[in-house]
Amino acid sequence: MNPIPYIVIAVVILLPVVWLVAQYNALVSLRNYIRESWSNVDTELKRRYDLIPNLVAVVKGYATHEREVLERVTELRNRCAANNGAVADQSRDEVQLVDAMKQLLAVVENYPQLKADGNFLKLQTELVNTEDRIQAARRFYNGNVRDYRNRCETFPSNLVANLFGFKPEGDFFSVPPSVREVPNVDFATNGH
């Protein structure tokens, strides 16, 4: 008896099963990468939320008549910190917070003593570093969302996604063009 036909039949049966398992596992991995990468974004956002009250307190000591800007930053910080909803909702709130922070940094320009304050400079540096970390985490998250969506929507992996009920998960964490503009703020002390 010749074993070759049995080997061919086994290969013909096993190859699609192996492919199916590989596609399924890739989808599960990508879905988990999205969740993990969002957790990284969330961690960096919380870091920002922790820095903002300290920054506001330092500015408040110098710029007491800028109460409206300070209150707006505090209100948006609290709203963002409490928002654990959909990515699109958090993204919208984050945009407003970044705009308010731009206003706060513009206010700082009017106070040379504040720009020279050591605590303010430390907090400002930490905030810049945190913003860089948020951007990196956001890019990683968005890349995972893209890869997962591509796998769910392109042939032939979409067959496996549909068969097992995988749906495109996660919204892109995007920033509108107005927020991408870097404010021109000079924190040089000019000898003060």
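Ring pairs link Y24, F164 and F166 into a cluster. Rings of Phe, Tyr and Trp (its six-membered ring) pair if their centres lie within 6.5 Å, and by this rule there are four aromatic pairs. The model is predicted: local features need pLDDT of at least 70, side-chain atom pairs count only at pLDDT 80 or more, and totals for chains, interfaces and linings use all residues. Residues are numbered from 1 along each chain as its sequence is written, and side-chain values use heavy atoms, with hydrogens and water left out.

**Aromatic pair W38 and F173**

- The ring centres of W38 and F173 are 5.3 Å apart and the planes stand at 90 degrees, so this pair is edge-to-face (planes over 60 degrees apart; under 30 is stacked and the rest tilted).
- W38 belongs to helix 1 and F173 to the loop between helix 6 (157–163) and helix 7 (177–180), so the pair ties together parts 135 residues apart in sequence. Helices are DSSP runs of H or I with at least four residues, numbered from the N terminus.
- W38 counts as buried, at 16% relative accessibility, and F173 counts as buried at 3%. Buried means under 20% relative accessible area, with a 1.4 Å probe and protein chains only.

**Helix 1 and helix 2**

- The axes of helix 1 (residues 4–62) and helix 2 (residues 67–82) come within 10 Å and cross at roughly 170 degrees, which makes helix 1 roughly antiparallel to helix 2 (an angle over 145 degrees). Axes are lines fitted to C-alpha atoms, for helices over the stretch in contact, and angles run from 0 to 180 degrees between N-to-C directions.
- Y49, D50, I52, P53, V56, V59 and K60 of helix 1 make the contact with L70, V73, T74, R77, C80 and A81 of helix 2, where contact means heavy atoms within 4.5 Å.
- The residues of this contact are nine nonpolar, one polar and three charged. Nonpolar covers Ala, Val, Leu, Ile, Met, Phe, Trp, Tyr, Cys and Pro, charged covers Asp, Glu, Lys and Arg, and the others, Gly among them, are polar.

**Helix 1 and helix 3**

- Helix 1 packs against helix 3 (residues 87–108) at about 30 degrees, with the axes 12 Å apart, so helix 1 is roughly parallel to helix 3 (an angle under 35 degrees).
- W38, L45, R48, Y49, I52, L55, V56 and V59 of helix 1 meet V87, Q90, E94, L97, V98, M101, L104 and V108 of helix 3.
- That contact divides into 13 nonpolar, one polar and two charged residues.

**Cis peptide bond**

- F155 and P156 are joined by a cis peptide bond with omega of about 5 degrees.
- P156 is placed in the loop between helix 5 (118–153) and helix 6.

Terms used:
Helices (H or I, at least four residues) and strands (E, at least two) are DSSP runs, numbered from the N terminus. Angles under 35 degrees count as roughly parallel, over 145 as roughly antiparallel, 65 to 115 as roughly perpendicular and the rest as oblique. Buried means under 20% relative accessible area, exposed over 50%, partly exposed in between (1.4 Å probe, protein chains only).
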